Amino acid sequence: MNYVNPNFVLMVEGLTVSFDGFKAVNDLSFYVEPNECRVIIGPNGAGKTTVLDLICGRTKATEGSVKFKGQELLKMREDQIVHAGVGRKFQTPSVYEDLTVFENLEISYPKGHGVFGALAFKRDLEVIERIEQITQTIFLTDALDEKAAYLSHGQKQWLEIGMLLIQDPELLMLDEPVAGMSVAERKKTAELLNRIIQDRSVIVIEHDMKFVEDIATRVTVLHQGQILSEGTMEHVQADPKVVEVYLGH
Amino acid sequence: MFADYSSQELLAIFAMQGFAGLILFSVFVLMALGLAIIFGQMGVINMAHGEFMILGAYVTYMLSNFFEAYLPDLFGIYFFIAMICAFIASGALGLFVEWALIRHLYKRPLDTLLATWGLSLILQQIYRSVFGAREVGVTIPDWMMGSLPLTDMIEVPINGIFVMVLAVSISIAVYLMMFRSSWGKQVRAVVQNRVMAGAVGINTEWTDRLTFGIGCGVAGVAGSAFTMIGSTGPTAGQLYIVDTFLVVVFGGAASLLGTIASAFSISQAQSIMEFFLSGSMAKVLTLLTVVGILMIRPQGLFALKLRK
Amino acid sequence: MKPQSNRFMSMQEMVGFAILALLIFVIFPLILDPFRLNLFGKYLTYAFVALGLVLCWGAGGILSLGQGVFFGLGGYCMAMFLKLEASTPENTKIQSTPGIPDFMDWNQLTELPFWWQPFHSFTFTVIAVVLVPVIFAFIIGVAMFRRRVGGVYFAIITQAIAAIMTILIIGQQGYTGGVNGITDLRTLMGWDIRTDEAKNILYFVNGGLLFACLFAAQYIRRSKLGRILIAMRDQEDRVRFSGYDVADFKTFVFCAGAAFAAIGGAMFTLQVGFMSPSFVGIVPSIEMVIFCAVGGRLSILGAVYGALVVNWAKTTFSESFPELWLLGLGALFIAVVLAFPKGLAGLYDDFIAPRVKPLFDKLRSKSNSKDADFVGAPAE
Amino acid sequence: MSDQDFPNGKKDARAAGLSRRSVLLGGTALTASLFAPSFGNAQSFPTAEINTTGLAVTDDTVTIGILHSITGTMAISETGSVQAEKLAIDQINAMGGILGRKIEYIQEDGASDWPTFAEKAKKLLVNDKVASVMGCWTSASRKAVLPVFEQYNGFLYYPTFYEGLEQSPNVIYTGQEATQQIIAGIDWVTKTKGAKSFYLLGSDYIWPRTSNKIARKHIEKLGLKVVGEEYYPLGHTQFNSVINKIRLKKPDVIYAIVVGGSNVAFYKQLKAAGIDMTKEKPLLLTISVTEDEIRGIGGENIEGAYACMKYFQSLQNDNNLAFVKAFKEMWGEDMVIGDVTQAAYLGPWLWKAAVEKAGSFDVDKVRAASPGIELTTAPEGYVKVHENHHLWSKTRVGRAKADGQYEVVFETADLVEPDPFPEGYQ
């Protein structure tokens, strides 16, 4: 794994973060190729969400480097990272509950992001069409004028995915996208995700092994902030260390 | 500035000035401890903190009159009884206020600010109606006024020593309560995770009420002690509110140790600047420095770094 | 589904604005004597501040306890101009240095400080009234929001800034007029502002400016920026990951609030005839928050009603029950927070809106407009 | 505030040379006395003649305004003034009122807020048409109402000792202006106590700053030294640092103009720091502590300090004994009376005298009649209105006793001329 391919979309090297001495992520390195779907799994507290937080700038790293298409992300603000092309979906659905579905998507529309841009932003036909197109994808056409607060849990997850889609990021990071969904919703979501992970790189955190199998190009297993194993699903499942960690807990 | 003085004189003055700084420190600690409990631990912005202090002062005033009139023999020690009564009175009012007002607002910290501001107006008017608009004079036992000559030149005020001793003992008491008693454990548990604490059988309602009550009680004791150095009137409480909040915020709201450290640094800065500059400028510079540092380090001096 | 329109105002809001305009421009001048009208003009200057707070606090979640500073800065800029005009060498010939403001003379200043000089120009003054507070707000905003100081901390720091400002103004009395403030203002470019007629005109100017600010606030709220503010208030983190620089937006809205407050301050100076540090400090700043809270922190029209109702109550209460009015005011704060957190606007939404809604629905089906998220409150 | 309305007071300086007795003799015709029956009744003064400007005067009443803070921080100080004014009104009414008319009053609350003062002043003048107003306490409140009184031609009696630098045709200043209060005190302390060096200390606002400026000029004129000058924000409560500075400078006199809540803190901390004022090393001289303030400070904490003003409750003259008795009867045995309270008491009496001299309630006539008005019944003794609308008055020095009263140790031989724009002191 130690060759450097300039074509990697994301290069994480020596990433470390410590909270008052406790190293939640320790000297972590991994690389994501274009159009790859990387799934990160691992027991609770392994540092999965923290890794995503570090990449998207929510948590400041203690050491290391995260390069996205050659740009160092660790020195950038969250919004700059988003503009560079990294999108992030949170574990609990996080949408703007006081706004309608339409407005939620509109806010994510990649235009008018400066203060004065936002003041002058016009809701023109192009915007409306794009939003309507996205709502179709995420099964929310009928709820366009609904306040997000009134959506079901699954619908909120879809809305958040839609908000990412409208940004059209090159690297999409999803934190447990199917957690807490009903069976029917889960099926629909898997279908949705399968469609949207085309043409971009994706990092997914997921517990549902069946789901992982469906989508993963590669799997990274985290344990206590470090990589335990990495490779295809079969490779990882066969790794005795992984088996021990999962069964040992 | 110092050319005309002998080194001995200078030494004496500096010693006394250091002592003045320590007194100011103790005053800040006393003011801020109650608020550190209420604001730091519970997140309630109690703008009526000053009025709780003044309640303690009025209790002291009433007791001083009572002892003068009925128990003149015991007048020398009435102050200790007054402090206990001040704690009980302010604490009881605190319990009531928590029940009537604060408990409805835990989810809206900024609203506690408005509601307690309203409360402070009401309390001020009540004090005015009951005790009159004028300041009242609290008679202090003779042994507590005056100064203690340490050397020929160095004299330290006895009420200053008293305030210092009080600050230290209340700090220790609060520390013991928070970190050594089961009540303290409950408070900290509730602060960290209200739902969880409720689930493991802690009566969160009573913990909140008691915490608020104790915070107010400590304010009452502080107010009682301040009758020795300051004024007691319906609006005197407002004088303390900005300083108090800055001390707590500067210390890092959730940390009692931080409150003490910040009281120390602000008081030293202010007392040194007061000595070399004029009073008003010293105050402005101290406040500016504190605000400046808070802008650079918003979490305050002592803050835990937490995993989100 | 209907196409998403993004109109400047819903029908209901338009009616709300119209009622307020009727009240301010027609009804008050008709029913109030000149004295009361001037009083209401003064109340309305506070509405500017409350309006700014609706944007900062209600929409943006930034509670500033230092709005008095901006109100004061705007007011002082205007007062400096008026004072210079009043301090002609003729009017001040008994001074040891004629031609400078009286308080400078008492403090042994022998010439006008350089930073007073530009205030001889009315154009400069008008620009400074808005720009000085905005620059000040910008510095505070950048420093605080970049460091992600928010919520309670922001409130307390702005409160400390209000305290510092008061001490400074009082302490530098040779330059600022000290605790007495800048008093005895007479004319604005030769026009005597103390006559009843002038006060009437100023009242209407004030009302006009208030409506300009209301429209500006409505525009901000209706724009995408307004929705981002709401998004930010509820889920600040998420907004960052939608690609917005939250600090910029907060700074903007804080500056906008400061600008509104400053215009109010300048109009206050013109109508009341003086400016003093007692409008800068902690107590007036908190009272301004109360106007906003009583009106409804989410409603820009509510802000105006809040400022009017509280101040009117303050005057009436203190005229009839001087010894009890603090009790009433205190109780009002508590009642608003506990029982009516959305203020007058909330009462309107709960009790009046449901009754008038069918009416609007009828109209709306014709005009295809989209209902408002939060509506103004023509309460009363 | 223009010159033509008021010939400079200096022209009248010869009056300063008159002894109290000779002024008394010359002035008996105009003297209003508490015990003399009021002259005239309502019938002999038809309302239409004595009120040509539409003031609130009926055939049996005349309405005036009382404008002080009842709420807010200033309520502490202003309560006494309100009480004194009401007492004076009651007494005047008991004697038959003014020109046969009973005084009624409308009381307004300034709420310690200056625009409120201006607002209420305007209400009193415009809506209520009051014939005069007794009111204000702080300079800031007076500055706020001043344009209102000048615009609507009202007439204000202002009771507080203040910094001077003002002279309005619409105000009678019944308290002392700064030079009256300060110069006599400093002269006294240098002559009798041999003071050579002074430490000036004050709350940070206009009155202490202006007063200290006058004090400094005068001290320097006498060839003595000011070794320190310092101001603390209003409401400041920690004075240990400045007390140490005072120790370091070893002045003969601490000249203190601290006010409000700071006052209490300052004297308590001074005492606690071991500076015993009864030993007079250093001596403390203040112009801001009246008997009212001592109640909050506590007599035992300020014992031995000297205060310099025109009135002390302990003055032993018949006028004052009667005044103190009446005040306590009306407001309670435990009341104390300070300088400002007494000055406020003068307001209604001075107005009565002026109205009776003018034979009219019209403000312009009352104003014209005011200079030269004398009051022999004033608790402080004899006072006279100067052409500059301030009062000629004696200045006294009192020594604070543990019981909260002052013992008068000095009083100027003559009335001190008010000089609100003192040349050479600005």
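1. Chain A and chain D do not touch; their nearest C-alpha atoms are 38 Å apart. Contact here means that the C-beta atoms of two residues, placed from the backbone, lie within 7 Å.

2. A caveat on the basis: this is a predicted model, in which local features need pLDDT of at least 70 and side-chain atom pairs count only at pLDDT 80 or more, while totals for chains, interfaces and linings use all residues. Residues are numbered from 1 along each chain as its sequence is written, and chains are lettered from A and ligands numbered from 1 in the order in which they are written.

3. Five pairs of chains are in contact, and chains B and D share the most contacts. Chain B puts 37 residues into this contact and chain D 34 residues. On the chain B side, two or more residues each come from α1 (7-42), β2 (155-157), α5 (158-180), α10 (256-276) and α11 (279-296). The largest share, seven residues, belongs to α1(B). Helices (H or I, at least four residues) and strands (E, at least two) are DSSP runs, numbered from the N terminus.

4. By class, the side of chain B that touches chain D has 16 nonpolar, 15 polar and six charged residues. Nonpolar covers Ala, Val, Leu, Ile, Met, Phe, Trp, Tyr, Cys and Pro; charged covers Asp, Glu, Lys and Arg; the others, Gly among them, are polar.

5. Chain D is assigned domain 1 (9-176 + 314-393) and domain 2 (179-309), with bounds from an automatic or database domain assignment. Their C-alpha centres lie 31 Å apart. The contact between them takes 15 residues from domain 1 and 12 residues from domain 2. On the domain 1 side, helix α13 (residues 339-358) gives the largest share, three residues.
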